[in-house]
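Please look over the sequence and the model shown here before reading on.

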Amino acid sequence: MNRLLLALMAITVVVGCSNNQVTGRKQMNLISNAQMMAYAENDYDTVLAHSKVVTNTPVSNNVISIGKRIVAAVEQYYAQQGLQAQLKDYKWEYNLIESTEANAWCMPGGKIAVYTGILPITQNDDALAVVMGHEIAHALAEHGKERANQELAKQGGELALQVLTAKQSTANREIFRQAFGVASEYGVILPFSRKQELEADKLGLKFAAMAGFDPRTSIALWERMEKLGGANKPPEFASTHPAEQTRIAELNKQMPEALALYNAAKKAAPVKK
């Protein structure tokens with residue numbers, strides 16, 4: 001009975017939830033936003049200190065310009081939803097890092113990095129804005145905090161499993177442990193990651209369009225990504241990211257709304273190309 005009680009206490013770490021008003025989903029709330037932003041700011045400074053940051057060039061200035069336009073769209077969107085108070089602790093920063101890695105990211109709190117290795121893939125400002133909008137959306141949807149909470153909950157579940165199987169043989173405990181690991185990885189963490197990616201695609205496309213960037217470039221972008229991926233990618237069910245064709249299909253579903261936002265942005269303030 002005591003072991004069962006301890007196990008249940010370990011499992012209850014998953015019940016603390018809050019509602020994310022941007023995504024509309026409930027998220028575990030074991031780590032505060034303040035903690036995540038503090039960690040992120042420290043990690044961002046560490047990354048910059050150990051990277052070759054490109055400054056005062058046409059390309060780096062363009063990254064900053066695109067980022068500021070998307071953030072202005074985000075602030076507009078949040079104001080429309082009455083959620084502007086949620087952005088008060090964001091300290092937006094944009095940096096271009098010289099690297100062959102095709103990557104970009106935004107940490108909790110608005111710390112953004114774009115790697116030069118992704119520029120040959122984006123090829124133009126519109127596609128780069130789609131990528132940056134996607135990464136900014138990850139931060140706004142608190143996906144980093146969500147993943148951290150999932151890991152904490154997984155650790156709690158593993159502790160509970162150890163308690164419940166304490167009287168089993170070593171061989172049986174190992175079978176339970178492996179089964180739990182597979183179930184949690186493929187049943188919870190990876191699918192949630194794919195959901196997060198599609199969520200960021202949807203929000204990021206909206207923010208880029210509101211900032212006056214053509215959302216239609218997202219389709220060609222992911223077609224290029226698919227060609228670069230080759231045949232050695234894992235199947236979709238075992239990947240943290242959706243298959244490119246899945247992303248393209250979902251983006252096409254969002255395209256009418258995104259185009260309406262893009263056309264409204266152009267009408268309000270024509271963008272010079």
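## Aromatic pairs

In this predicted model, the structure contains five aromatic pairs. One of them joins Y44 and W105 in an edge-to-face arrangement, with the ring centres 5.8 Å apart and 90 degrees between the planes. Because Y44 belongs to helix α2 (residues 33-49) and W105 to strand β5 (residues 104-107), this pair ties together parts that are 61 residues apart in sequence.

Y44 has a relative accessibility of 0% and therefore counts as buried, and W105, with a relative accessible area of 16%, is also buried, since the cut-off for that class is under 20%. Another pair is formed by Y77 and Y78, whose ring centres lie 6.2 Å apart and whose planes stand at 70 degrees, so that this pair too is edge-to-face. Y77 counts as buried at 11% relative accessibility, and Y78 is buried with a relative accessible area of 1%.

## The chain as a whole

The protein chain has nine helices and six strands as its secondary structure, and of its 273 residues, 44% are buried. When contacts between residues at least 6 apart in sequence are considered, 72% of them join residues at least 24 apart.

The accessible surface of the protein chain amounts to about 14,500 Å², and carbon and sulfur atoms account for 57% of that surface.

Technical notes
Residues are numbered from 1 along each chain as its sequence is written. This is a predicted model: local features need pLDDT of at least 70, side-chain atom pairs count only at pLDDT 80 or more; totals for chains, interfaces and linings use all residues. Side-chain values use heavy atoms; hydrogens and water are left out. Helices (H or I, at least four residues) and strands (E, at least two) are DSSP runs, numbered from the N terminus. Buried means under 20% relative accessible area, exposed over 50%, partly exposed in between (1.4 Å probe, protein chains only). Contact means heavy atoms within 4.5 Å. Accessible areas come from the Shrake-Rupley method with a 1.4 Å probe; for residues, only the protein chains shown count as cover. Rings of Phe, Tyr and Trp (its six-membered ring) pair if their centres lie within 6.5 Å; planes under 30 degrees apart count as stacked, over 60 as edge-to-face and the rest as tilted.
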